[in-house]
Amino acid sequence: MANGALQSEATRWLVENGPKELEQLFRAIVYHPAAPILIADNDRNCRYASAGAGKLFGLPRDKIIGSRLDDFAAPSFKAQIAQLWQTFLQQGEQQGTLQLVSPDGSMRDVEYTAKGNVLPVRHVLVLHDKTATAETEHAEKDRTQAWVQDYALFLVDVNGCVVSWYSGAARIYGYKEDEALGQPVSFLCPSEDTLSFKLQEELKRAFAEGHFGNEDWHVKKDGARFWANVITIALKDESGELQGFARMVRDFTKRHERDEKLRRSRARIRPIPAESTIAGVVSGEFDRIPEANDAFLELVGYSQEDLPSGRLNWLDLTPPEYSALDELAHEEGLRFGACTPYEKELLRKDGTRVPVLVATAVLKLSPFRWITFVQDLRERDRLESVEREDVEVKDDFAEIVGTSAALRRVQQQVEVVAPTDANVLILGETGTGKELVARAIHRLSPRKKLPFITLNCAAIPTGLLESELFGYERGAFTGALSQKIGRFEMAHRGTLFLDEVGDIPLDLQPKLLRALQEKSFERLGGTKTIPIDVRLVAATNRNLTQMMGDKLFRSDLYYRLKVFPITTPPLRDHPEDIPILVRHFTKKYAGKMNKQIDKIPADMMRALASWSWPGNVRELENFIERAVILSRGPNLRAPLGEIRADAPETASSDTLEQVEREHIIRVLRESGEVVSKAATRLGVPRTTLNAMMRKLGISRKDL
């Protein structure tokens, strides 16, 4: 009875608060496309506009938002707009032509496609200028495909069942509201491609990371399949308790092919001279640029005075032929947190162009905030035009084994951020190679010949961590018989890598923040201020956003660390690298053990490639080392029974709550029933784990 009441309360919370959260996500997605898109309410008020709409109307986006559609119509057409709109509200869909007035007073016919109630009282209009020149006609039509015309938005409860189903979802999937409500979200996926635990994993990752993006095949009511771009957001109440999930789905069937071609076209970045440096760092909210360093402003020909006046707009700096690459980068940022670095040109204030390499990281989804690193390629292009030599890309990632797109994305992000002194936060599950990424950043940086100092914050007792970081003076405490140099001082002019930074105690975080901000510190027991020049790279497998909500991690330190985030992908997201890794580790350990292993049986390789490897590359490496030990001849003999025995059973009807319960019980058992130890492994505070155990009904008898 009580459990039912809790579910009912959570559903009410979702229905009341979910649409607002979805609208914030909707805005983050809609603002960027070059297609002219408007979001309007029942009274024809423009609640939001895309970059393309600004170009179509010849106005800044903030001048469109808040205006009525009637304000842009020809005087003789305004009465007709009202009539058309009333018909549209009744029918839910409409196509037609509007007569609009340009800022210069000229008239033009604009085609439109309208879709109603994508969210409650939120309608989408996609526009197309019929007077577009012949050269841009094809591009305009390409921009008005399915992925900008309609959006499936819906809400899902903590058990993975649909609780709100809006009109866009009904149009895309073909299910009416009464057919979708109460259904597990898995009913939208082809049965042959879908395992229940896969969908549960999506929801769990959205819960852990705040949001999660992926692409996969989905199925409509009539059985037709389409390539779906899905973004899932975890919705939490003011106390941080999970209430459910918001999902947005777009039909990327045709765009998927285009994006793959774009990815292949930018796959190989030409080598950049070592003396080339990052020209600029720029950050913004949606298309506004409130902050940019002097190097970037000089690169594009603007000044600091242009920032507060609003004359500098990120989307206005891009020539139209690069809009498809920019949109692809935007979508990658939504899914992965950062985009693959790519080459483009920027428009300078005087109208000239400059070739650059850019990489953008998403700092926040709601409201949408980003940071971009820009590298000047003029020197490289000048050298190429003189020398005309083809230079092979040097391999600076010898320790990072794999050729997948996921790993290339990480490598290219490293190449962009390494030449700077920006702090880097490496996120990812345990065993995904975060330290290897940190070493690659140091190796590619101007500090590569200087110290690379590491410290695992989880491996040092809490009381000793401060002295490990900052050192101490003789007599600072009992047993301090001599002076000790801390890791910060050891890393002077080099790189300091703080692994498991989420384990730094709350009371020590202000001192770390102060050292980063002021570039100086005092040893424990000392009074002398010591200046430092340290490039900080931090890593964690914990959910720092959740920890901030639980008051276990300072938000100011988090944003100081997260200047440029890099997420190392779990092995299950790039299984195509497993055969390469298996061969690499086999060769490595066979050489160490003086064994000759020439063959890996095909059925063994298939089994290894199909396993999900929850411990990621580290687990795979340990497994192959054990296999090499067991091998007595030229064939690798792997104890496949170990991973098959651990394989989870396909649970087609398990709810998210049941999966969470079983996972917590297993971790508690493996932790010797010690709650604090299990909480550390799960990446949550002990109090949160106790609350989850009470909610899920976990007691000692279950262990």
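## Aromatic pairs

The count of aromatic pairs here comes to 24, where rings of Phe, Tyr and Trp (its six-membered ring) pair if their centres lie within 6.5 Å, and planes under 30 degrees apart count as stacked, over 60 as edge-to-face and the rest as tilted. One of them is the tilted pair of Phe 296 and Trp 314, 6.3 Å centre to centre with 35° between the planes. Both Phe 296 and Trp 314 are buried (under 20% relative accessible area, with exposed over 50% and partly exposed in between; 1.4 Å probe, protein chains only).

Another pair, Phe 373 with Phe 564, is edge-to-face, at 4.8 Å centre to centre and 85° between the planes. Phe 373 belongs to strand 15 (residues 369–376) and Phe 564 to strand 24, so this pair ties together parts 191 residues apart in sequence. Strands (E, at least two residues) and helices (H or I, at least four) are DSSP runs, numbered from the N terminus.

## About the model

This is a predicted model, in which local features need pLDDT of at least 70 and side-chain atom pairs count only at pLDDT 80 or more, while totals for chains, interfaces and linings use all residues. Residues are numbered from 1 along each chain as its sequence is written, and side-chain values use heavy atoms, leaving out hydrogens and water.

## Strand 16 and its partners

Strand 16 (residues 424–427) runs parallel to strand 23 (residues 535–540), joined by four bridges; two strands pair if DSSP finds at least two bridges between them. Here Leu 425 has Ala 538 as its bridge partner. Four bridges also join strand 16 to strand 24 (residues 564–567), again parallel, with Leu 427 opposite Thr 567.
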